[in-house]
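Please read the points in order, with the structure open beside them.

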Amino acid sequence: MDDGRTPLLLHACCGPCSLEPLRILREEGFEPTICWVNPNIQPDAEHDLRLATLLAWARDVAHVDVIVGRCERDRWERLVAPHGLDRPARCRACYALRLSEACRIARERGFTHVSTTLAVSPHQLYDVCMEALVRIAGANDLVPVVRDYRELYEGAYEHARELGMYTQSWCGCRFSAVEAAVERHAARDERKAARAAVRH
């Protein structure tokens, strides 16, 4: 690029998780282009809302280009969904599917570096995700840019809310929605039990 920045394709899982990676990568001398490849997000209305949130922020606030990749829901159903509630296996397959498509796009568009915003949420399986990024990027002759943004998660989501961005309460797939609901109910029950213990 004319300004000496290194082009980088940044796979994005959502708008709020893109805030800190974009800022930091730019500070490091990269110029990211965001890549949206998330066939895991269900139902369609949720997928479209998250994509619209990302596109509006990218256009109006971040001034960053976005590539919308193929949404191969049938491949996700075939390769990921059979793992069901086996979260480690399911997420490993899901990361591989999404990052493989992002790396394909990076290679075709002439990028040399690739990264992902999946390194933001502490709810993701960080080590599994980064292993997939390194492996798949290497297989595509790309340089994986591995970063750990998890300590910035709370601040990023507070900033997203200040910007009026939609923020979701589960990763995206129908299995993660169930898991998140169970966790919320368990936390609620713990709070109720703690309040009851204080009263007695």
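1. A residue is called buried when its relative accessible area is under 20%, exposed when it is over 50%, and partly exposed in between, with a 1.4 Å probe and protein chains only. By that rule L118 counts as buried, because its relative accessibility is 2%. This is a predicted model, in which local features need pLDDT of at least 70 and side-chain atom pairs count only at pLDDT 80 or more, while totals for chains, interfaces and linings use all residues. Residues are numbered from 1 along each chain as its sequence is written, and side-chain values use heavy atoms, with hydrogens and water left out.

2. The overall fold can be read from the secondary structure, where helices (H or I, at least four residues) and strands (E, at least two) are DSSP runs numbered from the N terminus. The chain has seven helices and five strands, and along the sequence they follow the pattern β-α-β-α-β-α-α-β-α-β-α-α.

3. As for dimensions, the C-alpha trace spans about 70 × 40 × 30 Å along its principal axes. The radius of gyration, taken over C-alpha atoms, is judged against a globule rule of 2.2 Å times the number of residues to the power 0.38. For 200 residues a compact globule would have a radius near 16 Å, and the chain has 18 Å, which agrees.

4. Of the 200 residues, 50% count as buried. Contact here means heavy atoms within 4.5 Å, and among contacts between residues at least 6 apart in sequence, 73% join residues at least 24 apart. The accessible surface, computed by the Shrake-Rupley method with a 1.4 Å probe and, for residues, with only the protein chains shown as cover, comes to about 10,000 Å², and 53% of it belongs to carbon and sulfur atoms.

5. Which residues touch the most other members of the largest nonpolar core? A nonpolar core is a set of buried Ala, Val, Leu, Ile, Met, Phe, Trp, Tyr and Cys residues joined through side-chain atoms within 4.5 Å; in the largest one, which has 52 residues, they are L9, W57 and Y95. At least two residues of this core come from each of strand 1 (6-12), helix 1 (19-27), strand 2 (30-36), helix 2 (44-62), helix 4 (87-109), helix 5 and helix 6 (153-162). A second, separate core has eight residues, including W76, V80, A93 and L97.

6. W57 deserves a look in the viewer: leaving aside neighbours within four places in sequence, W57 is in contact with S18, L19, L22, I34, A62, H63, V64, L163 and M165. One of these partners, H63, lies in the loop between helix 2 and strand 3 (66-68) and is exposed, because its relative accessible area is 61%.

7. The backbone has some points to check. Most residues other than glycine have a negative phi, and most peptide bonds are trans. Phi of H63, however, is positive, near 55 degrees, and phi of D141 is positive too, near 60 degrees. D141 sits in the loop between helix 5 and strand 5 (143-144) and counts as exposed at 73% relative accessibility. The peptide bond from Q42 to P43 is cis, with omega near -5 degrees, and P43 is in the loop between strand 2 and helix 2.

8. To return to L118, this residue lies in the loop between strand 4 (113-116) and helix 5 (126-139). Apart from neighbours within four places in sequence, L118 is in contact with H11, C13, Y95, R98, Q124 and C129. L118 and R104 are 14 residues apart along the chain, and their C-alpha atoms are separated by 18 Å.

9. Two partly exposed residues complete the tour. T167, in the loop between helix 6 and helix 7 (174-199), has a relative accessible area of 24%, and T167 touches P16, Y157, A160 and R161 when residues up to four places away in sequence are not counted. T167 and V120 are 47 residues apart in sequence and 14 Å apart in space, C-alpha to C-alpha. E131, in helix 5, has a relative accessible area of 41%, and the C-alpha atoms of E131 and S176, 45 residues apart along the chain, are separated by 21 Å.
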